[in-house]
Number of protein chains: 2
Amino acid sequence: MTATAPEPALPGQVTIREVCLRDGLQIEAPIPLSAKLELLDAVVATGVREIEATAFVSPTKVPALADAAQLAAELGRYPGITFSALVAGPGGARRAVTAGLGSIEYVVSAADSHSHANVGRSTDDSAALIEEIVGIAHAADVTVEVIVATAWDCPFDGPTAPDRVTAVVAAAVAAGADRIALADTIGTATPRRVTRLIERVRPLIDELPLGAHFHNTRGAGLACAYAAVGAGITRLDAAVGGLGGCPFAPGASGNIATEDLVYLLRDSDIATDVDLAAAIRAGRVAQQLIGRELPGALLRAGDRILG
Amino acid sequence: MTATAPEPALPGQVTIREVCLRDGLQIEAPIPLSAKLELLDAVVATGVREIEATAFVSPTKVPALADAAQLAAELGRYPGITFSALVAGPGGARRAVTAGLGSIEYVVSAADSHSHANVGRSTDDSAALIEEIVGIAHAADVTVEVIVATAWDCPFDGPTAPDRVTAVVAAAVAAGADRIALADTIGTATPRRVTRLIERVRPLIDELPLGAHFHNTRGAGLACAYAAVGAGITRLDAAVGGLGGCPFAPGASGNIATEDLVYLLRDSDIATDVDLAAAIRAGRVAQQLIGRELPGALLRAGDRILG
């Protein structure tokens with residue numbers, strides 16, 4: 001046996017942001033607001049403290065989230081939780097702030113082809129808007145996270161040059177963003193690439209919180225999440241049930257499943273706000289509402305027998 | 001951001017043993033020998049150099065592998081590949097040796113309850129047979145791997161005490177086993193537990209090759225495999241398509257999928273003998289033969305666009 005490196009230093013606590021209501025639902029057929037509130041009740045019962053509730057984007061492009069303002073109007077019933085919404089530009093940021101969200105996520109795609117396809121702008125043009133969006137948000141005491149999308153790969157062009165990612169991160173830091181996150185938008189990342197990119201990004205962000213967003217599209221979502229935590233990430237997105245896969249590809253994995261992530265972190269002595277049994281129950285609620293089997297592993301296998 | 005540990009030292013090469021024909025098929029309804037040979041052709045085309053072909057165990061308990069001797073008689077047509085078979089005792093070891101297998105895997109369950117349920121013997125009684133099995137094998141120039149089953153958890157009793165695992169490993173080393181492997185029999189392991197157990201085991205085995213066997217039952221299979229490689233493992237079992245889940249739980253994950261593992265390792269600069277595209281093709285062959293969707297992620301998602 002060859003010598004190996006010591007066990008990586010892991011944090012004692014990771015913040016999970018539940019994204020089932022936004023990333024989980026966005027490519028599904030629209031479900032009624034009442035169904036979203038049923039899912040939200042189940043998610044709130046997990047103990048999670050941060051929930052991405054919706055997106056203020058084009059209702060034509062994302063009909064499943066066209067009820068963003070109506071949903072936002074219901075959030076006051078859940079005290080103690082920070083609700084956020086994703087936005088694609090200053091217009092969405094204004095709508096989110098008006099709707100009373102406590103935090104917004106502004107997405108900048110590091111890959112130009114994806115950026116054009118997603119929002120009709122180049123990466124540079126999207127990055128140039130960060131300052132305006134931060135201004136809109138901060139004027140209303142709303143925090144801003146810049147999510148660097150396609151941080152590892154673009155669906156059209158393949159690998160994203162790390163310099164493009166660090167350029168967006170540097171722009172976000174300079175513009176006063178409150179948090180940064182790296183998103184594996186198409187689920188192609190693997191742990192070593194995750195570690196390496198985070199090591200490139202970390203020196204740029206000083207004390208800002210750094211998060212990551214993984215999809216389990218190629219089976220490596222949890223491996224990436226664990227590598228990210230080992231590399232210094234303290235925030236992870238996840239969706240109960242692994243909601244967020246393509247509805248037309250049965251069994252295709254979406255976001256990393258909250259319950260599977262919590263299981264892995266708990267058994268690694270990393271605390272979260274999320275109760276595992278409640279997360280499994282919420283995944284079942286999501287499955288029921290969506291009407292098809294979701295990919296979360298613990299939905300089928302359950303917890304292990306604890307010692 | 002807090003300081004983190006440096007990137008773990010990873011090996012440049014990992015040996016994958018393809019186990020779809022044994023662990024993948026053992027709980028399926030029996031398929032004809034001709035179908036197994038079709039799958040074997042597809043697996044051989046991946047370039048893999050080690051294949052667990054079958055098991056010499058009770059045909060009543062495992063009817064899917066009752067054709068072990070007939071299958072073994074066909075293996076001469078594939079030169080350059082080491083074929084192995086799993087055995088549960090000296091009788092099976094003799095049959096495997098007689099059938100011409102080049103290597104055998106002898107399973108010792110570290111958890112007593114599982115050991116009794118699986119082979120009707122205690123862990124100690126199973127470990128006491130290692131020497132006899134090594135004798136049978138070595139007399140015929142056949143190598144022996146001792147697989148420590150339920151190395152992390154027992155399906156009946158929960159966590160397996162690491163001392164029970166190290167006791168089996170020490171017995172295997174003392175009895176002259178050629179290789180050791182740790183098996184997460186019920187798919188409950190997570191990466192930090194993997195790292196810790198390997199660190200306990202490594203000092204006991206000197207230069208013997210150490211392998212690991214993971215199931216993706218709770219979504220963490222690849223995360224465990226990557227952690228194992230980071231902790232000094234150089235051999236991993238996998239099954240194309242992720243074959244080996246329960247046929248009666250649709251979507252339930254079985255062994256880690258060969259193609260998903262190869263994808264992760266390739267993108268971590270870790271070489272294997274397995275060609276990724278051929279592994280995806282073999283997973284599709286397995287899916288066709290089994291007649292239901294298999295859980296391997298790359299079967300649906302395919303490779304990423306390479307740079």
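A residue counts as buried under 20% relative accessible area, as exposed over 50%, and as partly exposed in between (1.4 Å probe, protein chains only). The model described here is predicted: local features need pLDDT of at least 70, side-chain atom pairs count only at pLDDT 80 or more, and totals for chains, interfaces and linings use all residues. Residues are numbered from 1 along each chain as its sequence is written, chains are lettered from A and ligands numbered from 1 in the order in which they are written, and side-chain values use heavy atoms, with hydrogens and water left out.

B:Leu264 has 1% relative accessibility and therefore counts as buried. B:Leu264 belongs to helix H11 (residues 258–266) of chain B; helices are DSSP runs (H or I, at least four residues) numbered from the N terminus. Contact means heavy atoms within 4.5 Å. Not counting residues up to four places away in sequence, B:Leu264 touches A:Thr190, A:Pro191, A:Ala220, A:Ala223, B:Leu222 and B:Tyr226. In chain A, helix H11 (residues 258–266) is mostly covered, with eight of its nine residues buried. Among them are A:Leu261, A:Tyr263 and A:Leu264.

The two chains are related by symmetry. A rotation of 180 degrees, with 0.0 Å of shift along its axis, superposes chain A on chain B (RMSD 0.0 Å). This is the relation of a two-fold axis. The superposition is by least squares on the C-alpha atoms of residues with pLDDT of at least 70 in both copies. A:Ala223 comes closest to the rotation axis of the residues of chain A, at 1.9 Å (C-alpha). The copies meet through the same surface, because 100% of the interface residues of chain A are also interface residues in chain B.

A nonpolar core is a set of buried Ala, Val, Leu, Ile, Met, Phe, Trp, Tyr and Cys residues joined through side-chain atoms within 4.5 Å. The largest has 196 residues, of which A:Leu182, A:Phe214, B:Leu182 and B:Phe214 touch the most other members. Beyond its neighbours within four places in sequence, B:Phe214 has contacts including B:Trp152, B:Val194, B:Leu236 and B:Ile256.

Within chain B, helices H2 (residues 33–44) and H12 (residues 276–290) pack at an angle of about 165 degrees, with their axes 8 Å apart. H2(B) is therefore roughly antiparallel to H12(B), a term for angles over 145 degrees. Residues in this contact include B:Leu39 and B:Val43 of H2(B) and B:Val285 and B:Leu289 of H12(B).

Definitions and conventions:
Axes fitted to C-alpha atoms, helices over the stretch in contact; angles between N-to-C directions. Helix = DSSP H or I, 4+ residues; strand = E, 2+ residues; numbered from the N terminus. Parallel < 35°, antiparallel > 145°, perpendicular 65-115°, else oblique.
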